[in-house]
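Reader: I would like to learn how to read helix packing in a model. Where do we begin?

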Amino acid sequence: MIDYDPTRPKWEQIAEALRARIASGELPPRTLVSEVQLEAEFGVARGTVRKATAALREEGLLITTPGMGSFVADQPSTT
């Protein structure tokens with residue numbers, strides 16, 4: 001679990017943590033991002049996790065396939 005900043009919504013802080021993991025390569029492309037695991041790790045409700053993943057989906061960092069789950073999107077090369 002992380003130490004939450006009480007002045008910011010938890011879903012924003014979770015999205016920020018996941019964004020950093022994706023950028024660092026800790027969560028490489030095509031990795032499954034499990035809502036159940038995120039709930040347990042961050043100690044929050046499913047709705048909070050879904051807000052965080054929805055924000056990352058809007059940014060193009062996650063792709064969600066119905067019936068399969070959310071996966072880290074392939075990142076465009078910066079070369």
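Reader: Are α1 and α3 roughly parallel or oblique to each other?

Author: Keep in mind that this is a predicted model. Now the general idea. Two packed helices are described by the angle between their axes and the distance between the axes. Here the axes of α1 and α3 cross at roughly 50° and come within 8 Å. Angles from 65 to 115 degrees count as roughly perpendicular and those under 35 as roughly parallel. α1 and α3 are therefore oblique. Their crossing is right-handed.

Reader: Which residues meet where α1 and α3 pack?

Author: The general idea again. An α-helix has 3.6 residues a turn, so residues three or four places apart point the same way. In this model, α1 brings Lys10, Trp11, Ile14, Ala15, Leu18 and Arg19. From α3 come Thr48, Lys51, Ala52, Ala55 and Leu56.

Reader: Which members of the largest nonpolar core touch the most other members?

Author: They are Ile14, Leu18, Ile22, Leu38, Leu56, Leu62 and Val72, in a core of 15 residues. Two or more core residues come from each of α1 (10-24), α2 (35-42) and α3 (46-58). α1 gives the largest share, four residues.

Reader: What does Val72 touch, leaving out residues up to four places away in sequence?

Author: Val72 has contacts with Ile22, Leu27, Pro28, Pro29, Arg30, Thr31, Val33, Leu61 and Leu62.

Reader: What is found at the start of α2, and what follows α2?

Author: At the start, a side-chain oxygen of Ser34 lies within 3.4 Å of the backbone nitrogen of Val36. After α2 comes Gly43, with a positive phi near 65°.

Technical notes
Residues numbered from 1 in each chain as written. Predicted model: local features only at pLDDT ≥ 70, side-chain atom pairs only at ≥ 80, totals over all residues. Heavy atoms only, no water. Core = buried A, V, L, I, M, F, W, Y, C linked by side-chain atoms within 4.5 Å. Buried < 20%, exposed > 50% of the residue type's maximum accessible area, 1.4 Å probe, protein only. Contact = heavy atoms within 4.5 Å. Polar contact = N/O pair within 3.5 Å; in protein donor to acceptor, adjacent residues only side chain to side chain. Axes fitted to C-alpha atoms, helices over the stretch in contact; angles between N-to-C directions. Parallel < 35°, antiparallel > 145°, perpendicular 65-115°, else oblique. Left-handed = near helix turned anticlockwise from the far one by under 90°.
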